[in-house]
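Dear colleague,

I am passing on to you a structure that you have not worked with before, together with some notes on what was found in it. Please keep it open beside this message as you read.

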Amino acid sequence: MNPAESATDNATASMPRVSTPTLTSLPLLARGKVRDNYAVGDDRILMVASDRISAFDVIMNEPIPGKGELLTRMALFWFDRLGHIVPHHLTGQDPLSVVPAAEHALVAGRAMLVQRLKPVLVEAVVRGYLVGSGWAEYQASGTVCGLALPPGLRLGSPLPQPLFTPARKAEFGEHDENISYAQMEKAVGADLAARIRSISIQLYREAAEYALQRGIIIADTKFEFGLDPAGNLVLMDEVLTPDSSRFWPQEDYAAAFAAGVNPPSFDKQYLRDWLETARVDGQPWGKTPPAPTLPPEVIARTLARYQEALHRLVG
């Protein structure tokens with residue numbers, strides 16, 4: 001093990017693990033895979049990012065210590081940087097101001113105090129490279145989410161232009177479902193669909209250009225939007241984090257592309273790869289609960305990937 005990995009292991013051992021930072025001072029609205037949402041009156045929500053991590057839509061038993069703070073810091077960075085493109089849901093108020101002092105440690109650094117919006121129940125996915133489910137579909141039909149692409153593309157090929165490929169948000173524990181743009185128009189209306197598509201592509205282009213200057217390729221990402229009481233479109237939830245995006249190190253891309261394999265990514269791909277080989281009761285894990293126990297090395301190396309992404313993008 002190299003010194004950097006050893007340092008990460010030591011940091012992992014000393015960091016507090018906040019798997020479920022349960023608050024009692026505010027009513028719980030919803031508990032997701034990572035974030036817990038609490039009602040603050042009827043017009044605001046306290047979003048608290050836990051250290052939970054999921055893969056294949058299963059929440060692992062062991063948290064990744066400090067992950068919630070890393071995700072929150074990165075999301076705040078992007079909300080600030082991209083705020084000129086579309087309004088975001090941050091109120092600008094201190095999250096600690098809405099909880100008693102006894103709960104400050106559960107909230108500090110890992111929470112956002114946001115507007116309460118009407119969610120648009122479609123995920124706005126933007127793809128800049130041919131990878132994942134898009135690659136599988138392209139091999140079969142020459143399309144990605146029904147959109148025709150030029151022949152001869154390979155795994156990891158940059159797309160001629162960013163593709164907007166919406167998905168229908170699933171219930172907790174279910175898989176999101178890719179839908180056509182026509183289906184999105186039917187679900188939310190043509191005008192709103194067009195605005196979301198245009199803004200999402202603009203957000204992706206600007207973020208991808210910035211990230212590339214810092215050695216990260218954003219292969220794809222997803223955005224979520226809501227409507228405020230006046231009907232204005234607002235960017236919400238998280239944005240451009242390793243949980244919602246596929247980040248590749250620029251320096252590894254060319255070799256991986258030449259070899260026809262996925263570049264290593266700054267997200268939970270290391271965890272996914274380990275889970276593909278994990279065994280439960282002597283059998284390959286079936287990607288259903290309960291999840292296998294994560295070894296300390298897997299926790300440490302997963303955390304290191306998140307830390308590296310934050311360091312490159314935010315400093």
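This is a predicted model: local features need pLDDT of at least 70, side-chain atom pairs count only at pLDDT 80 or more; totals for chains, interfaces and linings use all residues.

Pro 119 belongs to strand E7, which covers residues 118-119, and, leaving aside residues up to four places away in sequence, Pro 119 touches Phe 225, Gly 226 and Met 236. From Pro 119 to Asp 51 the separation is 68 residues in sequence and 24 Å in space, taken from C-alpha to C-alpha.

Turning to the sheet, you will find 4 strands that form an open sheet with antiparallel pairing, in the order E1-E2-E3-E6. Strand E1 (28-31) and strand E6 (111-115) stand at its edges, and each has a single partner strand, so one side of each is left without a neighbour in the sheet. On average, and with direction ignored, neighbouring strands of this sheet are turned by 20° against each other. Strand E3, made of residues 44-49, runs antiparallel to E6 and is joined to it by 5 bridges; Leu 46, for instance, has Leu 113 in E6 as its bridge partner. Helix H2, residues 67-81, packs on this sheet and touches strand E2 (35-40), E3 and E6, and the direction of H2 makes about 45° with that of E6.

Within strand E2 there is a residue that deserves a look of its own, namely Asp 36. Asp 36 has a relative accessible area of 0% and is therefore buried. The side chain of Asp 36 makes a polar contact of 3.0 Å with the side chain of Arg 31, and a polar contact of 2.8 Å joins the side chain of Asp 36 to that of Arg 52.

Which side chains make polar contacts with the side chain of Asp 243? One is the side chain of Lys 67, at 2.9 Å, and another is the side chain of Tyr 306, at 2.4 Å. When residues up to four places away in sequence are not counted, Asp 243 touches Val 34, Lys 67, Leu 71, Glu 238, Lys 268 and Tyr 306.

In strand E16 you will also find Phe 247, which is buried, with a relative accessible area of 0%. Phe 247 and Met 60 are 187 residues apart in sequence, and their C-alpha atoms are 22 Å apart in space.

Finally, there is a pair of helices to examine, H8 (residues 269-277) and H9 (residues 296-314), which pack at an angle of about 150° with their axes 8 Å apart. Because angles over 145 degrees count as roughly antiparallel, H8 is described as roughly antiparallel to H9. On the H8 side the contact is made by Tyr 270, Leu 271 and Trp 274, which meet Glu 297, Val 298, Arg 301 and Thr 302 in H9. Sorted by class, this contact of H8 with H9 holds 4 nonpolar, 1 polar and 2 charged residues.

With kind regards

Key:
Residues are numbered from 1 along each chain as its sequence is written. Side-chain values use heavy atoms; hydrogens and water are left out. Two strands pair if DSSP finds at least two bridges between them. Helices (H or I, at least four residues) and strands (E, at least two) are DSSP runs, numbered from the N terminus. Axes are lines fitted to C-alpha atoms, for helices over the stretch in contact, and angles run from 0 to 180 degrees between N-to-C directions. Contact means heavy atoms within 4.5 Å. Angles under 35 degrees count as roughly parallel, over 145 as roughly antiparallel, 65 to 115 as roughly perpendicular and the rest as oblique. Ala, Val, Leu, Ile, Met, Phe, Trp, Tyr, Cys and Pro count as nonpolar, Asp, Glu, Lys and Arg as charged, and the others, Gly among them, as polar. A polar contact is a pair of N or O atoms within 3.5 Å; within protein, one must be able to donate a hydrogen and the other to accept it, and residues adjacent in sequence count only if both atoms are side-chain atoms. Buried means under 20% relative accessible area, exposed over 50%, partly exposed in between (1.4 Å probe, protein chains only).
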